[in-house]
Amino acid sequence: MLNKGPNKNWFKGNLHTHTTNSDGDTAPEHVSDWYHGHGYDFLVLSDHNHRTILDGSDAERAEWPHLIPGEEVTSAFNGAPIHLGGVGVTDLVVARDGESLVETIQANIDAINESNGLVTLNHPNYKWAYGDREIIATHGAWAMEVFNGHPGVNNEGGGASPSAESIWDRVLVSGQRMFGVATDDAHHFQGEFGPRRSNPGRGWISVNAEGLSDESLLEAMSRGDFYASTGVKFAELEVRGREIVMEVEPDTDLQLKYTVVFTGPNGRELWTTSGESARFTLSRIDDYVRATVYASNGEKAWTQPVFGD
Ligand SMILES: [Zn+2]
Ligand SMILES: [Zn+2]
């Protein structure tokens, strides 16, 4: 639970990015340079079935964000891509196969947990691979991607398929505790940056932790002490018992305006307000509440759900 602590700070990081160790176009050193140069405090290099570890000199490491080991454990079932993030894995996770979609997801969740990683369910709508039914039938994942910056992942859903955010609500309603992350899934650091390319800087999390170390970041993340964003920042975000208190850091250059929507079970809108500050107390009858902040330029931030018990 997010509480103000005297020694706590907010650290910005991206959990999902590729390098030339898989299908990224840039070497891990330069990918790390990019993130450091753009204000990121930490980064997970998450290559497909490869644990990328950078051993730099002190001078080199000073030019990189804090690097948490990671991997995108990549498998498939009947052509449906099953990509799971292993954040903080302590050794290489070998992707596993299963007899069904659910078994394949579960086998890889288990493999990551056995290597001490936090499991993210990546881009469920990529090739429409899996949805809430499959997620609800599994257990042991820490978070799912409610936003992924790759152009091919169908964050918004469409046709009869729900958005990643709606999938999240359906999973929460089932009683499964699942956090939501926003990530880049960046592959392209060279050439033109554009909406149909997989460029960095689109989705991240901000973690409220005691320090910039694997231990304290992973501990804060596992507690849910973070928010996900595509651009909106909080000046304040605190959970006091059943109450969420927030203050958006306003973008005065662009004169952005903000709408805050508090969502409860079944994606039901509990309350909507405008402006930079909001607070909301979870009622006794609702199991959880989470908030989404919408900026007038399309950027968003998502708080983690606050549960009643
Ligand atoms: Zn992937
Ligand atoms: Zn990826």
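The charged end of Arg177 sits over the ring of Phe307, with 3.9 Å to the ring centre. A charge counts as over a ring if NZ of Lys or CZ of Arg is within 6 Å of the ring centre and within 35 degrees of the ring normal. Lys12 likewise lies over the face of Tyr40, at 4.5 Å from the ring centre.

This is a predicted model, in which local features need pLDDT of at least 70, side-chain atom pairs count only at pLDDT 80 or more, and totals for chains, interfaces and linings use all residues. Residues are numbered from 1 along each chain as its sequence is written, chains are lettered from A and ligands numbered from 1 in the order in which they are written, and side-chain values use heavy atoms, with hydrogens and water left out.

Tyr40 leads on to the aromatic rings. Ring pairs link Tyr40 with Trp34, Tyr35, Phe189 and Trp204 in a cluster. Rings of Phe, Tyr and Trp (its six-membered ring) pair if their centres lie within 6.5 Å; planes under 30 degrees apart count as stacked, over 60 as edge-to-face and the rest as tilted. The whole structure holds 14 aromatic pairs. One of them joins Tyr35 and Phe189, edge-to-face, at 6.1 Å centre to centre and 70° between the planes. This pair links distant parts of the chain: Tyr35 is in helix 1 (residues 28-37), Phe189 in the loop between strand 8 (179-183) and strand 9 (204-209), 154 residues apart. Helices (H or I, at least four residues) and strands (E, at least two) are DSSP runs, numbered from the N terminus. Tyr35 and Phe189 are both buried. Buried means under 20% relative accessible area, exposed over 50%, and partly exposed in between (1.4 Å probe, protein chains only). Tyr227 and Phe234 also pair: their ring centres are 4.7 Å apart and their planes stand at 90°, so this pair is edge-to-face. Tyr227 and Phe234 are buried.

Now take strand 9. Six of its six residues are buried. On one side these are Trp204, Ser206 and Asn208; on the other, Ile205, Val207 and Ala209. Strand 1 (residues 9-14) runs antiparallel to strand 9, joined by five bridges. Two strands pair if DSSP finds at least two bridges between them. Asn9 has Ala209 of strand 9 as its bridge partner. Strand 9 also pairs with strand 10 (residues 226-229), antiparallel, over four bridges. There, Val207 is bridged to Phe226 of strand 10.

Glu72 (OE), His83 (ND1) and His123 (NE2) coordinate the zinc ion (ligand 1), at 2.1 to 2.2 Å. Donors are N, O and S atoms within 2.8 Å of the metal (3.2 Å for Na, K and Ca); water is not among the atoms, so sites may look incomplete. Along the chain, the donors of ligand 1 follow the spacing E-x10-H-x39-H. Glu72 is in strand 4 (residues 70-77) and His123 in the loop between strand 6 (118-121) and helix 4 (132-136), 51 residues apart. Glu72 and His123 are both buried.

The zinc ion (ligand 2) is coordinated by His16 (NE2), His18 (NE2), Glu72 (OE) and Asp185 (OD), at 2.0 to 2.2 Å. His16 lies in the loop between strand 1 and helix 1 and Asp185 in the loop between strand 8 and strand 9, so the pair ties together parts 169 residues apart in sequence. His16 counts as buried at 2% relative accessibility, and Asp185 at 3%.
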